[in-house]
Amino acid sequence: MLELMLRILGIIFPVFACAGIGAAYGYRFRINLGVINQINMDVFTPLLIFWVLIDKPFAWGAYVTLALAGTVVVLGSGLVLLPLVWLFKINAKTFLPPMMFNNSGNMGLPLMLFAFGETALQAGVVLFLVEMILHFTVGMFILDHRTRPWTLLKMPMIQATILGLIFSTLHITLPAPIANTLKLMGQVAIPLMLFALGVRLLDINFRDWKLGVLGAFAAPLSGIICALAFQMVMPLNQEQFAWLLLFAALPPAVLNVLVSERYKQEPEKVASIVLIANLGSLIAIPLTLYFALPH
């Protein structure tokens, strides 16, 4: 028991320590993350995805069911929480997207890496891509029905995914100097994501704290309900189910705040939901890891 708790602490400590350093630095210098986040989304994260796909043979077939399970978790979370929205008369466009589209990048990738090792990084990337694609299609459509899904092809992360899958499928190898350069630049993405998350935590607005606390409980709970339901219908092996549980318990993505600002969809309330729920993950993530990790 003590050994398991120490293992969980060892997994979550680097994640929240990096975020804490970001919060401390942001509090001291009040930096603007706009350019930094743009570079991370356009350069470092695409390079990370590309490198993960070409580093080892990518057995896409092994992750088809996991990708389907991730889709069920994302979309199912919205459906599960619809009665809650109706009951409390909450604006669905404000509340449901943060509940559906989780922090699979900033928090999901490093947690997958620290909890399950490099073997789980490909799975983390698959689930991250599932969440991102659904966010930029279904999520955008929820906020604006005029959204066109083919705009996805303009995203560097999608371009990197397509290119990485082509290289992996055709077994194309890059010269070591180029491969090492891509790996080095890609490794910037995860710590920078966590640092940026910490800076964002400084923007918490406790004026809508009740909605934020509701989201902190509803986000992981709805995701885990969907994961368990999927496991009953199409069982994953123990390892992949553990990955899915961790994905399902992740808090809302910070990207939800940026999207709500773009569409003028009560961004202050969305920020409270997202950031308070990310603080709530200090409880949700260790509990999930307790059940997901082998005892």
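Start at the largest pocket: its lining has 22 nonpolar, 14 polar and seven charged residues. Here Ala, Val, Leu, Ile, Met, Phe, Trp, Tyr, Cys and Pro count as nonpolar, Asp, Glu, Lys and Arg as charged, and the others, Gly among them, as polar. This is a predicted model, where local features need pLDDT of at least 70, side-chain atom pairs count only at pLDDT 80 or more, and totals for chains, interfaces and linings use all residues. Residues are numbered from 1 along each chain as its sequence is written, and side-chain values use heavy atoms, with hydrogens and water left out.

**The largest pocket**

The space in this pocket is about 960 Å³. A pocket is an open set of points on a 1 Å grid over the protein atoms alone, where a 1.4 Å probe fits, with protein on both sides within 12 Å along at least five of seven lines; lining residues have an atom within 4 Å of a point. Grid points are joined across faces, edges and corners, and the volume is the space filled by probe spheres set on them. Select Asn 37, Met 41, Phe 136, Leu 255 and Leu 258, the closest to the centre of the 43 lining residues. Next colour α2, which gives the most to the lining, seven residues. Helices are DSSP runs (H or I, at least four residues), numbered from the N terminus.

**The second largest pocket**

The space is about 320 Å³. Its lining holds ten nonpolar, two polar and no charged residues.

**Helix α7**

Select 156–169. Met 157, Ile 158, Ala 160, Thr 161, Gly 164, Phe 167 and Ser 168 are buried (under 20% relative accessible area; exposed is over 50%, partly exposed in between; 1.4 Å probe, protein chains only). Just past the helix, His 171 has a positive phi of about 55°.

**The core**

Show Phe 95, Leu 111, Phe 116, Leu 244, Ile 285 and Leu 289: they have the most contacts inside the largest nonpolar core, of 88 residues. Such a core is a set of buried Ala, Val, Leu, Ile, Met, Phe, Trp, Tyr and Cys residues joined through side-chain atoms within 4.5 Å. The largest share, 13 residues, comes from α6.

**Two loops**

Finish at Lys 89, between α3 and α4. Lys 89 has a positive phi of about 55° and is exposed, at 76%. Then pick Glu 266, between α12 and α13. Its phi is about 45°, and Glu 266 is partly exposed at 27%.
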